[in-house]
Amino acid sequence: MLRLLSIELHKIRYHRGSKLLIISYFTLLTSLALVASINFEVGPVKFDLAAQGIFNFPYIWHLNTYLAAVLKIFLMLVIVSMMSNEYSFNTLKQNLIDGLSKKEFVLSKFYTVVLFALISTLFVGITTLILGLIYSDFTEWAIVLSDLEYLLAYFIKLVAFFSLGLFLGVWIKRSAFAIGVLILWSIFEAIFIGLMRWNWKWENHEAIAQFLPLNAMANLIKEPFTRFNAVKTVANQIGETVQKDFSVHFTTILIVSIWTALFIYLTYLLLNKRDL
Amino acid sequence: MNTILQLHQLDKKYGNIHAVNQLSFRLERGNVYGILGPNGSGKSTTLGMLLNVVNPTSGSFQWFNGKISTHEALKKIGAIIERPNFYPYMTARQNLELVCKIKEVSFSKIDEKLILVNLFERKNDRFSTYSLGMKQRLAIASALLNDPEILILDEPTNGLDPKGIQDIRSIIKLISQQGTTILLASHLLDEVEKVCSHVVVLQKGKKLYEGRTEQMTQSFGMIEIKTDKTFEEISKLLQNYSGIDKITNEPDYVLCYLNQDIDSALLNKFLTEKNILVSHLRKTKPTLEQRFLDLTE
């Protein structure tokens, strides 16, 4: 496994564009913490995000993993290009001739994807912990360590998204077109969900929509903003209950994991079937 | 015992095109093999199948008596295919380090092989800055990193200038002298004739000939005759001459194919006695090119 990982990292290490994107990605991840310093004054109104309570445990786990996930597109570009490059440089052929099996080739990419997701998760975890410890109103460990499933969900989400990138890279062979297909795919999912919901007025449209890959990934960590308002509202008006379910569901994790396995398997299948 | 590679009725179809047709042959250790064939005769497709990048339609092949899987076998093989494929953003050394990682050999041979192909001074330059000749030499260095048991070369001099062709040929010669088995695919006949001890001739995916190179060109030779008489007259006169098999009319001379050894001096005497003035008489051996054209026509 280490050999396969080192082969892939060797390819990325010397690629200037990839290096730049990776550095930008982790810089942006770190600067999530800088949101805390948003503390501006508009005339007489003082605006201090930290004081609003958005950095309270355990809510901060939800907020940060959600925000950090937006940045994953940076690493996606690296992953799609490192796959499509193998086609445009014809180095996939050369790798196989040099004695890498097709299975090893896919695994070396997949291990790298998992490593990226792992480092990113660690990064977000540590940043969030530090941010929370500084600004949260509650720092009892029982509260700090609750809702950690958002980190797990974040990791699963990244692995799935990047695996989709690998698959698109192999399938389309050109990075720009692969990204184009990704965008088309997300538009298609949105239209399909919209049709089910508004036009065909299916009652159980959500039951079907939860199986769509991009939608399933999005469902892993739901948007945290209305929850924040809800938390405040509940605090103010005792007795009212929060309508929306913001928690991480096991079924969603399962669906996304199955998609991940499917993307990797399809990548392997495509490689195996094609003549180079 | 010393079989490196064995093909059993290997077959590849691309839709309606039958690229490789029931091909079988065997490579023994220590020989230099040439696969000859015109463009599109299935040479590259055959090598592609042997190198794990093209899936055979049917048939099979075994590396090293089938004791190891193909991709494990490929680690003991060095192969370069029509175009040198490397990561353009990496230097020569970084590219070779990657190949070492794939082949699971140490980095210790990198400098030695770069010196062999005369690229040591340029080892820290990016691959994208190399000329085609240098790229092809780097591909050879890369193929030699594992001190391979067999070196496979597919049209190694394609697109190179005369200097580049000469460089590559002298490297191939050097390697074959060290006892490495070589499989060379080419449509350049003099290239094959110069370096190969054995040939396999392919046409439209079918094997036309397999054997030693000198056996392919072996025959009693031919005699070129130029006289003051017409082709018909000469042909009539010589058709019963003992040892002459077939007579053809070439632009400059009459060509007699022999089926036994003939002394050309005696033939000259015979013609002179018939009052025929001979202005040109030469005994020749067929070239590989002629044999190849005979086979493929």
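In this predicted model, β6(B) runs parallel to strand β7 (residues 150–154) of chain B, and the two pair over 4 bridges. Within this pairing, B:Ile77 faces B:Ile150 of β7(B).

Both strands belong to an open sheet of 6 strands in chain B, ordered β6-β7-β8-β4-β9-β10. Its pairing is mixed. The edges are β6 (77–80) and β10 (206–212) of chain B. Each has a single partner strand, so one side of each lacks a neighbour in the sheet. On average, neighbouring strands are turned by 15 degrees against each other, direction ignored.

A helix also packs on this sheet: α11 (residues 288–296) of chain B. Helix α11 touches β4 (32–36), β9 (198–203) and β10 of chain B. The direction of α11 makes about 35 degrees with that of β9(B).

A:Glu86 sits in helix α5 (residues 72–88) of chain A. Is A:Glu86 buried or exposed? A:Glu86 is buried, because its relative accessible area is 1%, and under 20% counts as buried. The side chain of A:Glu86 makes polar contacts with two lysine side chains.

| Side chain | Partner side chain | Polar contact distance |
|---|---|---|
| A:Glu86 | A:Lys11 | 2.9 Å |
| A:Glu86 | A:Lys109 | 2.8 Å |

Key. Residues are numbered from 1 along each chain as its sequence is written. Chains are lettered from A and ligands numbered from 1 in the order in which they are written. This is a predicted model: local features need pLDDT of at least 70, side-chain atom pairs count only at pLDDT 80 or more; totals for chains, interfaces and linings use all residues. Side-chain values use heavy atoms; hydrogens and water are left out. Buried means under 20% relative accessible area, exposed over 50%, partly exposed in between (1.4 Å probe, protein chains only). A polar contact is a pair of N or O atoms within 3.5 Å; within protein, one must be able to donate a hydrogen and the other to accept it, and residues adjacent in sequence count only if both atoms are side-chain atoms. Two strands pair if DSSP finds at least two bridges between them. Axes are lines fitted to C-alpha atoms, for helices over the stretch in contact, and angles run from 0 to 180 degrees between N-to-C directions. Contact means heavy atoms within 4.5 Å.
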